[in-house]
Amino acid sequence: MSIWKEYYQPRSIEEAVAVLSSSPAPSNIIAGGTDLMLDLNQGNHPPVNALIDITEIEELKTIDVVNSEIIIGACVTHNQIVKDQNVQNNADALIEACGLIGGPQVRNSATIGGNVAHALPAADGTIGLLSLNTEVEIASATGKRRIPITEFFVGPGRSILEGKAEFVTRFFVPLKKACQGSAFKRIMRAQGIALPILNNSVWIERDGDLIKEVRISIGPAGPTPFRAANTEALLRGEIFSDETIALAQQSILGEAKFRTSPRRATAEYRRQLVTELFRNTIIQAWQRTF
Amino acid sequence: MNNQTLTINVNGKTYQVPPIPGETLSDLLRNRLKLTGTKIACEESECGACTVIMNGESVLSCSTPAIKANGKFILTIEGLAKFEKGELKLHPLQEAFIKNGAVQCGFCIPGQIMTAYALLQHQPSPTSAEIQHALKDTLCRCAGYPTIERSILEAADAVRTGKPVDNDPHVPTSSGGKVVGTAQARPDSVAKVTGAAIYTDDLEFEGMVYGAVRRAMVPHAFLKSINCDKARALPGVHAVMTAEDLPGEKNHGLVIYDWPILVGVGERVRYVGDALAIVAADSTDIAREAAALIEVEFDLQPVISDPVISRHPESTSLHANGNLLKHIKVRKGDVAEGFTQADVIMEEVFHTPSTDHLFMEPECSVAVPTKEGRMEVYVGSQIPYQDRLQVARALGWPEERVRIVGQLMGGGFGGKEDIAGQIHAALLAQKLGRPVKILWDRQESLLVHPKRHATQITVRLGAKNDGTLVSAQTELYGDTGAYASLGEKVLTRATTHSAGPYLIPNVHADCYAMYTNNPPAGAFRGFGVLQSAFAIESVMDMLAEKLGMDRIELRRKNALRVGSETSTGQVLRDSVGLVECIDKVKAEMVRVSGLEEKDLFKPRPVDGAKHLVRGWGFASAFKNTGLGGGADDCSGAHVELYADGKFEVRSAAAELGQGLVTVMQLVVCEELSQEPANVKVLVMDTDLTPNGGPTTASRQTYVTGNASRLAAIAFREHVTGAMAEKFDVSPDLIRFEGSGLQIGDQKLTFPQVYQELVAMGQKTMVEYEYHAPETKPLGVKGDMHVAFSFASQAAEIEVNTNTGEVKVVQVISANDVGKAINPVGLQGQVEGGVVMGVGHTLLEDFITENGVVITDHMSRYRIPSIMHTPKITSIVVEDPTSTGPYGAKGVGEIVLIPTPPAITNALYNITGLRLHNLPVDQEVVLQHIKTGQ
Ligand SMILES: Cc1cc2nc3c(=O)[nH]c(=O)nc-3n(C[C@H](O)[C@H](O)[C@H](O)COP(=O)(O)OP(=O)(O)OC[C@H]3O[C@@H](n4cnc5c(N)ncnc54)[C@H](O)[C@@H]3O)c2cc1C
Ligand code: FES
Ligand code: FES
């Protein structure tokens, strides 16, 4: 039994929405296929009726700067991101996150849209985008809409697209302004699957010695990619200092819900790791505000 | 939008084909375009073997839908070399890989080269760090990563400057021989870098169908019923066979025939990989689908998953003779008396996990019935003649009706000694009268073939205050899994080596080789000694600390030397280079670290990163060469002269990538004064090559090396004798030279020599059967083995005290190999051994839970990549053994054995954490650092 019956390569968003709406279930969007092909091959995903490959849609494959935003197409690959001058100048966290994914072969195929749409709580690109206050554009038969990335996720591997003839078309990342900086770091385990056992991204804006604004994302620290909102609130307006970081570390331990993943990491280990990881990431982000 | 044709340009040629649902790019390239240079090792995006270039970027063809390549330009390994004026012009990457010896088994090489090629397109002068970053997920189990990196650097220079790749392989050579000991490229290397090399899965035969196996997938049960109706009814299925249909022997096995070819109704399933039925169909997909449609009912039984529990009297017997495969005993002196003399006694218990060979090429067999009524089996096998025997018995045929045609092997490491798909393919081919291919995917490979034995090892070691070892008692439990395989032999080696390479007057070792419901355990590079070395070398460090003595000095003081008696009562007469290994490693440590001797093993924070701490660890080891233990260790070789003046040497010894073919070639060149280009090598064909015995126990350089050498000498004498008679000159005046035979003042070219021989009615081929010196079985005093190799290693590691992560920075590896016949091959073995040792220490853990395999994908069983590869300094010690060819002894296993304890000893020296099990778990390390527990 073959893992798909029909394979469509639409050239426009409208065409894609149309086939997606008209193909009998189960039918799926495929981008780079680095996650989906594995799932299909290994039987983790049942064979599908149709795959709708959106990587031939030109407008989804570009990175542009428009007004105060970088617009990243959903089918932009991780390697494209890493090499892009605009992203390099504006979104260190995303560069660092995408640069760490897989090897070059995977980064040449895997897309940022697939990374987000797969909705894993510790996907590196996703955690990077989350701290950057990204907005997600979604296309459906009724047109396009924009939502904050925080509203995209529903549960592990589940997003608001579930069961709908919709897909992600673009990401909007605010341009970096003076006194802003971001960073991404992760910790891996030598054995077992390639996903990080813990990753963390921080975006920060400085006002003199004060933290004017900050966003912290951590994965996996809950069923969906996690924003440490309480800790962000605690830091806002504080002086950037060892004491402040220490308070933030405690706060993260209070609000992040770490779980034990068998043979990857215990919750306790993640708790031990997160404080240093966060410290290193926020310091790095802060240094980039100068 | 829904394409009806797929147009693709591959290596400059345009193809138009109808798309097939579900087809990947690698399927298209390999199956439809017949470009088999692109290799499949995992089909799960983990290994990079299938890398090709699509519109200038590297991609994994195994997980790229073929249709994505529509309208694109693809470059594969076959398209890299160009024909210029009728001559093959290799790409500098290909040249550098060959020249430096980066090509071993060759299976990963197309992927390595294509990944590197893509890198050079974007980055013409890459740094080492950039190369490592690029090759991060392109795995090589032969693990010549340092050589691969060096080759890419050199190729980049050549591409940039337009100059040819220099021809210095940068490998220390060995003196004394004209050809032996010099750096030579492998005879098969051009084929391996151009994608022309054919491995079993690349073969196709007229009318071939594809097989699949229905596995039990339960660890312990009785098979109650099996119904194949649905499978038989599936369109495209040609045959389904169950145990009822077996024409001959019901079981197979290397030593004991205890492993069912197919488990029948009412019979016992002993592990998840047990075969219940086999299917042949038009495609592998159909065959697998049919196998899944077979309905089975089990009467599930309680699972025995632990060798210690298996030995309890109340445990169910998995085999007719109980669960004890063998109780292995080593007795020397009187340990009780010995311990009374000891001032200090250590006692520790260690556990080592099961591990997988993870050779890059999954098992594949093709069985082809011939018109003459014989069966040819094409397979990469470490023991071709054993395959022949087992296949013939299963078919109910005499052995001569079966021919094993050995194929290039994409790695073996001991994992291709047992039967994989050979018998199943032959049974289906016999039934259908047409060729049948059975290719295992990675999951089946991980589930089914025998692993490294998991062990529990207790060491009790007594010493005097001055460090003199007086008594050693060890107890080992080895988990041999569901079937015997080579379990008894492996665990015998674990036991006889369990007191380490030291002179100890009183030794008492007991080993219980136990059956369980885990996957079988058998041969794996290191052959049991890896496990016991981890235990004894950990205890040696602990003892040194307790005695307040330098750990190197403790080892040196007790090291085996010429004249020492081993634990099994063998007095070593020559070739004991252990002290030299110890001294040279120590000197090198002092030199590279710049530390004073007394500070060598102290932890040192890294400048500017106080959470990173570095430190050294040290270990030694020994490993037998050859089967020993009273077995007749023999190998045959032919040397033949052809009409065109070229020579050929033949033996059915296995080439798994380790470089035996080069050894055979060099030895014959040496004896016949030939250039390597003039001597061909043929191995692994039971019709054409004499039995070379199993490729195991680090024996082939010694045994088949000797056979080849002696066959060459016999050939020389034969020719000399014949020519002396013919030309009436004294044999002393006849000399082999490169271009021909010097006979007194006359010179004959080799084609002329051939003609003379034929005219005289003399043979143009000589056969030689070499028998290694006699050995004694365990329990009888005397030589248990013909030789031992010795080694010491020092590992410098770095611990991240924030995360517990451990990284191996560098390893100094000194190996006494007797004589480095093939320095390029030796370099590959040393690098590959250290890296595999790093893998066994930091990554590898074949996990089963109550008999169920958890690590059934490459993504769950990780092996070292270039990122895990330390700097490796190889020190070659040559303490020759009188009976080896030019003094050589085994190399393949000793190179990895000291690595795990060297690393864990370093971990202790840095953190105070003494590991009693492998692999290192960074979480445990951090826990220890934070809490001291
Ligand atoms: C060897 C290897 C290593 C990896 N390492 C990492 C790593 O280190 N970190 C990490 O985060 N990930 C890693 N990944 C995971 C994966 O590659 C990434 O998550 C990748 O970004 C997925 O993108 P894709 O285009 O391949 O997605 P696909 O496989 O094409 O799709 C994934 C899922 O998302 C859906 N989808 C894709 N695009 C859209 C869209 N635009 N709108 C709606 N739904 C969509 C698909 O239907 C599918 O369900 C690794 C994968 C491999 C194979
Ligand atoms: S990555 Fe494709 S075969 Fe392994
Ligand atoms: S040469 Fe790389 S796997 Fe053998």
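B:Pro919 lies in the loop between α22 (899-911) and α23 (922-931) of chain B, where helices (H or I, at least four residues) and strands (E, at least two) are DSSP runs numbered from the N terminus. The peptide bond that joins B:Leu918 to B:Pro919 is cis, with an omega of about -10°. The model is predicted, and for that reason local features need pLDDT of at least 70 and side-chain atom pairs count only at pLDDT 80 or more, while totals for chains, interfaces and linings use all residues. Residues are numbered from 1 along each chain as its sequence is written, chains are lettered from A and ligands numbered from 1 in the order in which they are written, and side-chain values use heavy atoms, with hydrogens and water left out.

A cis peptide bond is also present in chain A, from A:Ala25 to A:Pro26, with omega near -10°; A:Pro26 belongs to the loop between α1 (13-22) and β2 (27-30) of that chain. Most residues other than glycine have a negative phi, and most peptide bonds are trans. Against this background, B:Leu358 has a positive phi near 45° and is placed in the loop between β17 (344-352) and β18 (364-369) of chain B.

Chain B meets chain A through 52 of its residues, which are in contact with 51 residues of chain A; contact here means heavy atoms within 4.5 Å. The two chains bury about 4,100 Å² between them, 47% of it on carbon and sulfur atoms, where buried area is the accessible area (1.4 Å probe) that two parts lose on being put together, summed over both. Of the area that chain B buries against chain A, 17% is supplied by B:Met1, B:Lys68 and B:Glu923, more than by any other three residues. Between chain B and chain A there are 4 salt bridges, each defined as a side-chain nitrogen of Lys or Arg within 4 Å of a carboxyl oxygen of Asp or Glu. One of the salt bridges links the side chains of A:Arg189 and B:Asp921, at 3.3 Å from N to O.

In chain B, strand β35 (residues 806-816) is mostly covered, with 10 of its 11 residues buried. Strand β34 (residues 787-800) runs antiparallel to β35(B) and is joined to it by 10 bridges, two strands being taken as paired if DSSP finds at least two bridges between them. Within this pairing, B:Phe790 has B:Asp816 as its bridge partner. The hairpin formed by β34(B) and β35(B) has 5 residues between the strands, and B:Gly804 in the turn takes a positive phi of about 85°. β35(B) is also joined by 7 bridges to strand β38 (residues 871-877), in this case running parallel, and B:Ser813 stands opposite B:Ser874 in β38(B).

An open sheet of 3 strands in chain B has the order β13-β9-β15, with antiparallel pairing. The strands β13 (268-269) and β15 (295-300) stand at the edges of this sheet with a single partner strand each, so one side of each is left without a neighbour in the sheet. Strand β9 (residues 221-227) pairs with β15(B) over 6 bridges, and B:Ala221 has B:Leu300 as its bridge partner.

In chain A, 9 of the 10 residues of strand β12 (residues 198-207) are buried, so this strand is largely enclosed by the rest of the structure. β12(A) pairs in the antiparallel sense with strand β11 (residues 180-187) over 8 bridges, with A:Arg186 opposite A:Asn199, and 9 bridges join β12(A) to the antiparallel strand β13 (residues 210-219). β12(A) and β13(A) form a hairpin with 2 residues between them, and A:Gly208 in the turn has a positive phi of about 65°. Helix α8 (residues 124-131) of chain A is also largely enclosed by the rest of the structure, because 8 of its 8 residues are buried. Just after α8(A), A:Asn133 takes a positive phi of about 60°.

Technical notes. Buried means under 20% relative accessible area, exposed over 50%, partly exposed in between (1.4 Å probe, protein chains only).
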